[in-house]
Amino acid sequence: MVYIKWAFWGIIALILFAFFHYTLPQHDIVRVSDTYEKRVDFGENSIFWAKEDTGNATGNINRDVFFIQTIKKNGKPLVYRNEDTGWGWPPYFKFDTSNLQTQASDLRSTSENPKWVMVTHYVWRVEFWTVFPNAIAVKQVADPDMTIIPWLNIIILLIFFATVWAIRVRWIRFRQRRIDPIVEDVDEGWDNLADGARERRGRFSRWLSSWRR
Amino acid sequence: MLSLARLFLILFVGLTVAYVSVSLWSRQVRKGKLRSAWDEGDREYGEERDLYVRRGLEDYDDSFRRKLILLVYIVPLAVIAYIIYVVNYT
């Protein structure tokens, strides 16, 4: 029983971790090498793509998507997509896709003369399923080794855990006050019933044995 | 426009649920406090216990404190407006 309980909470914790890691913004320091757009036919990975730009026709099976090609500090490539999230999930309310693409193109640089750029993104890069992180913002930085403190994520997680804790405490109090007494009542009633039965059986067997004599 | 309407519908339903539950919970807390205040000998709203609690709650219904629960609607909308500004205009 204990193992099942821990497995259950372990799975819940894993799902929560994955959810926040997927949705919350992250920062990378990269160098933009180029930008392009490509027609994408959405298949079984369609859940990882955002929706069409706000105001455009919906329900298309394919459309052109902006991409930003970058090189990380360690020399490995990282490709972002650049799509509107619009009014949908996750709630980034990003409508400035074309502006962002313009800024990213403007920040292009070569490996000989790198311009370091901080890209804010969400989602993961999964090569096996052609999933790209969605870039939210680009910003040129002077020092590529700067430390980034994710204040926003800290605040969001704090608020989330504070809310969970507050509801949990109130639920436990409610259970102690309202539900436990009822269960005790039922328990007591059952005990009385069992006691009564035992007593009756006692009387019955006494009556039986009175005949045996 | 359809997705905006959908967002507002979801927000409205979700926030209304939050608003109603917070209102009920807050009123319950207020009631408990009034009862314990009466038990400790306070007689600001009357001598009888039930009457005291009822008048105290009527006072609470008109209070600024209760109107603060409207922040349940205002804060998320303000946060959305702020996110739109930060993501698209800075």
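User: How far apart do the C-alpha centres of domain 1 of chain A and domain 2 of chain A lie?

Analyst: Domain bounds come from an automatic or database domain assignment. In this predicted model, local features need pLDDT of at least 70 and side-chain atom pairs count only at pLDDT 80 or more, while totals for chains, interfaces and linings use all residues. Residues are numbered from 1 along each chain as its sequence is written, and chains are lettered from A and ligands numbered from 1 in the order in which they are written. Chain A is divided into domain 1 (2-147) and domain 2 (149-213), and their C-alpha centres are 49 Å apart.

User: How many residues of domain 1 of chain A are in contact with domain 2 of chain A?

Analyst: Two residues are in contact if their C-beta atoms, placed from the backbone, lie within 7 Å. Here four residues of domain 1 of chain A are in contact with five residues of domain 2 of chain A.

User: What radius of gyration does chain A have?

Analyst: The radius of gyration is taken over C-alpha atoms, and the globule rule is 2.2 Å times the number of residues to the power 0.38. For a compact globule of 213 residues the value would be near 17 Å, but chain A has 31 Å. Along its principal axes, the C-alpha trace of chain A spans about 110 × 40 × 30 Å.

User: Which secondary structure elements does chain A contain?

Analyst: Helices (H or I, at least four residues) and strands (E, at least two) are DSSP runs, numbered from the N terminus. Chain A has three helices and five strands, in the sequence pattern α-β-β-β-α-β-β-α.
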